[in-house]
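Dear colleague,

Please find below the structure that I am handing over to you. My notes on it follow directly after.

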Amino acid sequence: MKVLAVHPGPLMYTKIYLRLEPLGLELVAQAARQAGHDVQLIDLQAETHADYFKIVDRWKPDVVAFSCNYLANVPEIVDLAKLTKEKLPQSFILVGGHSASFVAQDFLEHGEGAIDCVLKGEGEAAVPQLLLAIAQDRKAVTKVPGAVTLDGEGPAPRFVERLDDLRPARDLLRHRRKYFIGVLDPCASIEFTRGCPWDCSFCSAWTFYGRSYRTVSPDKIVEDLERIEQPGIFIVDDVAFIQSKHGFDIGEAIARKGIKKQYYLETRGDVLLRNKEVFTFWKQLGLRYMFIGVEAIDEAGLKQHRKRITLGKNFEALEYARSLGITVAINLIADPDWDRKRFAVIREWCLEIPEIVNISVNTPYPGTETWHTESRKVETRDYRLYDIQHAVLPTKLPLHEFYEELVKTQQVLNQKHLGWEALRSTTRIAAGHLLRGQTNFVKMLWKFNSVYNPKLQLSDHAKPIKYQMTLPPAPQETVNPKILYIHHAPGRQGRAIDDVTERFVEETRMGASA
Ligand code: B12
Ligand code: SF4
């Protein structure tokens, strides 16, 4: 069969700071290809809807498979599915991905028959079986693990057996030079591990994978890296190098092969402090950027997000990251009840530190605990506003003032890292990019004001709403994690970490919850 794999368009964030390759969709595409299908892939972050419909009209795919990792992309995907079904009534339209897994039933209902199936969980695990059912007997679709259709639901999704078995179909992605993050331009993405053993209340990374944690073997990683032409590498792991041995083994394999790249990764402060030697080693290998999810600069905030780390540890981690001489970015979560004073404190603090600070707005997402404890308070069920750059919970300040303060804060922070200031400190790098015809980074430096604007953000709330998500049945004070999981929790055996690391994870969990 002809299978067209589609990644939806950019969200606010991707319009400035980065554009990254759709790694999950490439894995799904590769699984389909290995099962004998003819596969094409289009990424609407880098191409247009017109480009998409050109492929639909000319190639007439039998299956169109949309990837939905972000809730804010739901309306775009539903509309594309409807238009596609009008053009190709016989086609099978499938949606999968992180967010799709948590709002599967809603997706099907919004689709009004245009979406044939939402496949929950890891796509590469079930796509071959699903495609076989589509080709041979569409009724058998409801027997596929993770499949949800208007006619019924298959058994629970299954994990892919071994992460080593499949490498992403990188060759299917066109316009590879469009992918970048900051000065890593162009940039490819890679996965070293999957899942997270912690359980922060605002996050759905752990509920998707049932708190499991699995690793890709160093040999496979190096094989994949050798195939990548781009000099920049974004490591997609939720928390990099939890397992120090794995980090060292990958690093040593890279050093043996003499691979020279520059890397971006995300981790936790306590993991950085615990595994300092790994990060120092990676600095020598080309680690250039590190993102630490600090989330709050007060103990109460950290407790509220169940980050299971103390403020002192986070600050210590920042000191250490600075000493490595790499660019460090941190995230803070702005609470809708912040007033002008609170924003001012945050601005002041951020100006005192050298790090890049990213501010996101506290948002209860389906699949998180806060969705069950806070969703009744939400003021809008418009998917497009669920991008953590909009306020969906009631704000203490009038909404327009909240956005003014938010954007003012982001502006102050960005002055440090965008515009002339940034160009001055990166002149050599920027010139090098331009000489190679890479313009993503330089363009990024001036885009801020056209994207982040309190009036535009406020006006997004007034847009007519076509699709709204369903709220959970009743607010709960404590949520049984079992009802949150997409993949069942495999427990200790599902975490590919040694005893010492397992104890460390458990200690942080016990310590901060006490
Ligand atoms: C890397 C990453 C990013 C990267 C790039 C993502 C990209 N280009 O796809 C960047 C930094 C850009 C990013 C940004 C954001 N992210 Co992000 N991101 C992730 C992260 C850590 C890993 C995603 C990943 O690549 N995983 C590895 C691949 C292999 O897995 P995958 O993509 O999920 O694909 C698998 C399945 O989902 C499924 N699948 C995927 N597509 C399809 C398609 C079909 C047809 C099928 C059947 C299956 C299927 O099968 C795949 C293979 O198993 C996830 C957390 C997580 N663990 O998933 C958060 C996550 C997806 N991000 C999240 C958020 C909130 C954001 C931001 C909005 C906020 C922010 N400021 O960071 C922005 C906005 C992004 C945008 N589009 O503009 C949330 C999503 C919340 C939501 N429900 O919408 C997540 C879950 C993190 C969290 N805290 O909960 N993100
Ligand atoms: S440590 Fe990071 S990935 Fe893990 S649950 Fe917390 S926020 Fe999510």
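By class, how many nonpolar, polar and charged residues does the shell around ligand 2 have? In this predicted model, the shell has seven nonpolar and four charged residues, and no polar ones. The residues that surround ligand 2 are Cys-196, Trp-198, Asp-199, Cys-200, Phe-202, Cys-203, Ala-205, Trp-206, Asp-238, Arg-268 and Lys-307. Two of these residues also meet each other: Arg-268 places its charged end over the ring of Trp-198, at 4.1 Å from the ring centre. A further contact of this kind involves Lys-276, whose charged end sits over the ring of Tyr-320, 4.9 Å from the centre of that ring.

Ligand 1 contains a cobalt atom, and the only protein donor of this atom is the OH of Tyr-70, at a distance of 2.6 Å. Tyr-70 belongs to the loop that lies between strand 4 and helix 3 (74–87).

The structure holds 19 aromatic pairs. One of them is formed by Tyr-52 and Phe-66, whose ring centres are 6.1 Å apart; the planes stand at 50°, so this pair is tilted. Because Tyr-52 is in helix 2 (residues 49–59) and Phe-66 is in strand 4 (residues 63–67), the pair ties together parts that are 14 residues apart in sequence. Tyr-52 is buried, its relative accessible area being 0%, and Phe-66 also counts as buried, at 3% relative accessibility.

The rings of Phe-234 and Tyr-264 give another pair, with centres 4.6 Å apart and planes at 10°, and the pair is therefore stacked. Phe-234 is part of strand 13 (residues 232–235) and Tyr-264 is part of strand 14 (residues 262–267), so parts that are 30 residues apart in sequence are tied together by this pair. With a relative accessibility of 10%, Phe-234 counts as buried; Tyr-264 counts as buried as well, at 7%.

There is also a cluster in which ring pairs link Phe-192, Phe-241, Tyr-263, Phe-279 and Trp-282.

Strand 14 also contains Glu-266. Is Glu-266 buried, partly exposed or exposed? Its relative accessible area is 25%; the limit for a buried residue is under 20% and that for an exposed one is over 50%, so Glu-266 is partly exposed. From Glu-266 to Val-3 the separation is 263 residues in sequence and 33 Å in space, C-alpha to C-alpha.

Which strands does strand 16 pair with? Strand 15 (residues 287–295) is joined to strand 16 by five bridges, and the two run parallel. Strand 17 (residues 356–361) is joined to strand 16 by six bridges, and these two strands run parallel as well. Individual positions can be named for both pairings. Ile-292 has Ile-330 of strand 16 as its bridge partner, while Ala-329 stands opposite Ile-356 of strand 17.

With kind regards

Definitions and conventions:
Residues numbered from 1 in each chain as written. Chains lettered and ligands numbered in written order. Predicted model: local features only at pLDDT ≥ 70, side-chain atom pairs only at ≥ 80, totals over all residues. Heavy atoms only, no water. Phe/Tyr/Trp six-rings, centres within 6.5 Å; stacked < 30°, edge-to-face > 60°. Helix = DSSP H or I, 4+ residues; strand = E, 2+ residues; numbered from the N terminus. Buried < 20%, exposed > 50% of the residue type's maximum accessible area, 1.4 Å probe, protein only. Lys NZ or Arg CZ within 6 Å of the ring centre and 35° of its normal. Near = heavy atom within 4 Å. Nonpolar A, V, L, I, M, F, W, Y, C, P; charged D, E, K, R; others polar. Donors = N, O, S within 2.8 Å, 3.2 Å for Na, K, Ca; no water. Pairing = 2+ DSSP bridges.
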